[in-house]
Amino acid sequence: MNIYVPIILVSILVFIALLLILADKLFGIGGEKVITINDETKITVRGGITLRNALAQHKIFLPSACGGKTTCGYCKFRLIDDSGLIKPTEEPFLSDEEKRKGIHLSCQFRVRENIKIEIPNEYLNAQEYKTEVELMKDLTCNAKLVRLKLIDPKTMNFKPGQYAELKVPGIEVIRAYSIASNPKEANHIEFIVRLEPKAKSTGYVKSLKMGDKVHVIGPFGHFYLKEDSKKDIICIASGSGKAPICSILYYLKDTGMKRNVKFFYDAVSKADLYYNDEFIELAKQYPNFKYIPSLSSPLKEDEWKGEVGQITDVLNKKTDDLTETEAYICGSPDMVNDCVNILNDHKIQKENVFSDKLSQD
Ligand code: FES
């Protein structure tokens, strides 16, 4: 046999393989795909990658608290003209109504063809920020204040009550934290971080020191103050649920505290009652602001003279008719549900209740 025959055969095979790769790039799954967002924005991405990554490459960030590991269920979007195929990994995070509407998890959805999607417009405002640690302060034995100076971009336009995500380097963890600071001070943001021993982000946050560089994505979230409303306000928080409520109260103070506000805050003992003096002062300054802290298990040395017991009991005791009142509640899912039941007993209108249920990890 001619010695050139095998060489020619191999060359033909390599040529065919290259042709197939090229064809796949141009016309197949790996080729370019167009994503139309909210009927307006079009982006071109490489086929086969997850929608979450495809959007992130174009600086469009969907919320996430798990970095794409399918444990948070935050990264939802709506697929227009959806065929209805739901992956088993998506199942636990989607209600029947969401499935009917074509909602999916973007970290589980691969872009295999041109698609049209719908996402909340506010997600188009979320950006990745380079920040620097400006202040670290212990608030209680398991809660830390972390203030981050925004370096690039230099300001964040967020609404009081929204949250942002902290990227933990090395372990690809993203953790969502409510922003505790005043949106009017837009050149820095503050988080109140509960140091959960099991959370992967805890070690990272504990190790942070002044000047360290931190990446943040945001802002996100539907829990925020309705700034155009003139209704009275009732704010209810427990544990680290105080963070978004602080942001709301700082904003209200900054704009002259024009509405009647009651703030219920529940802690175990006095050591957990951070910012107590600050809110007592605020109540002295503005008679239309009422601060009602309560302790569920005060210690003898606390010499506590305020309210004692479950927050629901205190709320019930100190609340009148709520027909014309808005409520902002942040805490554990059980705490939020129990408080909503009490508010319902006091005739609050369903559309005036806004809540943020904190994950328990
Ligand atoms: S990013 Fe957490 S489930 Fe998709």
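Reply: Happy to! Two strands pair if DSSP finds at least two bridges between them. Keep in mind that this is a predicted model.

Me: Great. How many bridges join strand E1 to strand E2?

Reply: Strand E1 covers residues 32-37 and strand E2 covers residues 41-46, and the two run antiparallel. One of the bridges sets Ile-37 against Thr-41 in E2. The number of bridges joining E1 to E2 is six.

Me: And which residue in the turn of that hairpin has a positive phi?

Reply: E1 and E2 form a hairpin with three residues between them. The positive phi in the turn is about 50 degrees, and the residue is Asn-38.

Me: Now the open sheet of six strands: which strands stand at its edges?

Reply: The order in this sheet is E15-E14-E13-E12-E16-E17, with parallel pairing. A strand with a single partner strand has one side left without a neighbour in the sheet, so the edges belong to E15 (307-308) and E17 (353-357).

Me: What is the bridge partner of Ser-294 in E15?

Reply: Strand E14 (residues 289-295) pairs with E15 over two bridges, in the parallel sense. The partner of Ser-294 in E15 is Glu-307.

Me: Finally, which strands does helix H8 touch?

Reply: Helix H8 (residues 333-345) packs on the sheet, and its direction makes about 160 degrees with that of E16. The strands that H8 touches are E12, E16 and E17.

Notes: Residues are numbered from 1 along each chain as its sequence is written. This is a predicted model: local features need pLDDT of at least 70, side-chain atom pairs count only at pLDDT 80 or more; totals for chains, interfaces and linings use all residues. Side-chain values use heavy atoms; hydrogens and water are left out. Helices (H or I, at least four residues) and strands (E, at least two) are DSSP runs, numbered from the N terminus. Contact means heavy atoms within 4.5 Å. Axes are lines fitted to C-alpha atoms, for helices over the stretch in contact, and angles run from 0 to 180 degrees between N-to-C directions.
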